[in-house]
Amino acid sequence: MEASTPRIKVILGSVRQNRFGVQPAQWIMDLSKGYPQATFELVDLAEQQLPIFADVTPPSMVSDGNYEKESTQKWAGIVAEADGFIIITPEYNYGVPAGLKNAIDTVSNEWNYKPVAFVSYGTAAGGSRAVEHLRGSAGWLKMYDLREQVIIANYWGQLDQNGNFTPTEPQIHGAQAMLEAVAFWAEKMKPIRQELGDKQ
């Protein structure tokens, strides 16, 4: 039987109305069509409507996705079926959006041993401080934090008169390198993840 291509979830991390993040997320999805070695799927956190995590049992102590709430079980299934992630994030007050951090903290083992890369946007720092926070969480969750990333600083300066985002050449090249890296490591880590999982 032919092995299936790795599945990469592109997570749109802002849940605010009129969020800019929809545009870079769609841009990444359009670029991903040039990488048939992986299957890319957009996951919009606004559509998941995850409640603030308040279960009795910590996520790290839950096995086989047996979470208490139906919404958590659904989210766990989405994360578990992925072989890698690209997270699209803004920066709020020097940090990670609450909705995104909650989504990350709601489950635990489902993130393990999978590559993750970031696309960030914001003011002068381009969301890079939010990404630095996310890298710490990724390491704790046993994710493989990739160097390749895309930073969109002062994003409103890249909007045309109709409000449409136009990426720069360096951003395009960075996104292409990121997509290639995520697809590569998602494939390479599948058997490693299985081996490590079997030892737990």
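Reader: How many salt bridges does a search of the whole structure find?
Author: The search finds 12 salt bridges in this predicted model.

Reader: Let us take Lys69. Which residue does its side chain meet in a salt bridge?
Author: Lys69 meets Asp55, with an N to O distance of 2.6 Å. The two residues are 14 apart in the chain, and each lies in the loop between helix 2 (45–48) and helix 3 (70–80).

Reader: Is Asp55 buried or exposed?
Author: Asp55 is buried, because its relative accessible area is 11%, under the 20% limit. Lys69 has 33% relative accessibility and therefore counts as partly exposed.

Reader: And Asp83, what does that side chain pair with?
Author: Asp83 forms a salt bridge with Arg193, at 2.5 Å from N to O. This pair links distant parts of the chain: Asp83 is in the loop between helix 3 and strand 3 (84–90), while Arg193 is in helix 6 (residues 169–199), 110 residues away. Both partners are buried.

Reader: Now helix 5. How are Glu132 and Arg135 placed in it?
Author: Glu132 and Arg135 are three residues apart in helix 5 (residues 128–140), so about one helical turn separates them. An α-helix has 3.6 residues a turn, so residues three or four places apart point the same way. The closest N and O atoms of Glu132 and Arg135 are 3.7 Å apart, and the pair forms a salt bridge.

Reader: What is the relative accessible area of each, Glu132 and Arg135?
Author: Glu132 has 52% and is exposed, whereas Arg135 has 16% and is buried.

Reader: Changing topic: which residues touch the most other members in the largest nonpolar core?
Author: They are Ile28, Phe40, Ile86, Ile88, Val119 and Met178, out of 27 residues in that core. At least two core residues come from each of strand 1 (7–12), helix 1 (22–32), strand 3, strand 4 (115–122), strand 5 (144–153) and helix 6. Helix 6 gives the largest share, seven residues.

Reader: What does Phe40 touch, leaving out residues up to four places away in sequence?
Author: Phe40 touches Ile8, Val10, Met29, Ser32, Tyr35, Ile86 and Leu179. There is also a second, separate core of 26 residues, and Tyr67, Trp75, Leu134 and Met143 are among its members.

Reader: Which residues of helix 4 are buried?
Author: In helix 4 (residues 98–106), Leu100, Asn102, Ala103, Ile104 and Thr106 are buried.

Reader: What covers them?
Author: The cover includes strand 1, helix 2, helix 3, strand 3 and helix 5.

Reader: Finally, the backbone. What is the phi of Gln49?
Author: Phi of Gln49 is positive, about 50°, although Gln49 is not a glycine. Most residues other than glycine have a negative phi. Gln49 sits in the loop between helix 2 and helix 3, and at 65% relative accessibility Gln49 counts as exposed.

Reader: And where does Lys142 lie?
Author: Lys142 is in the loop between helix 5 and strand 5. Its phi is likewise positive, near 65°. Lys142 counts as partly exposed, at 41% relative accessibility.

Methods: Residues numbered from 1 in each chain as written. Predicted model: local features only at pLDDT ≥ 70, side-chain atom pairs only at ≥ 80, totals over all residues. Heavy atoms only, no water. Salt bridge = Lys/Arg side-chain N within 4 Å of Asp/Glu carboxyl O. Helix = DSSP H or I, 4+ residues; strand = E, 2+ residues; numbered from the N terminus. Buried < 20%, exposed > 50% of the residue type's maximum accessible area, 1.4 Å probe, protein only. Core = buried A, V, L, I, M, F, W, Y, C linked by side-chain atoms within 4.5 Å. Contact = heavy atoms within 4.5 Å.
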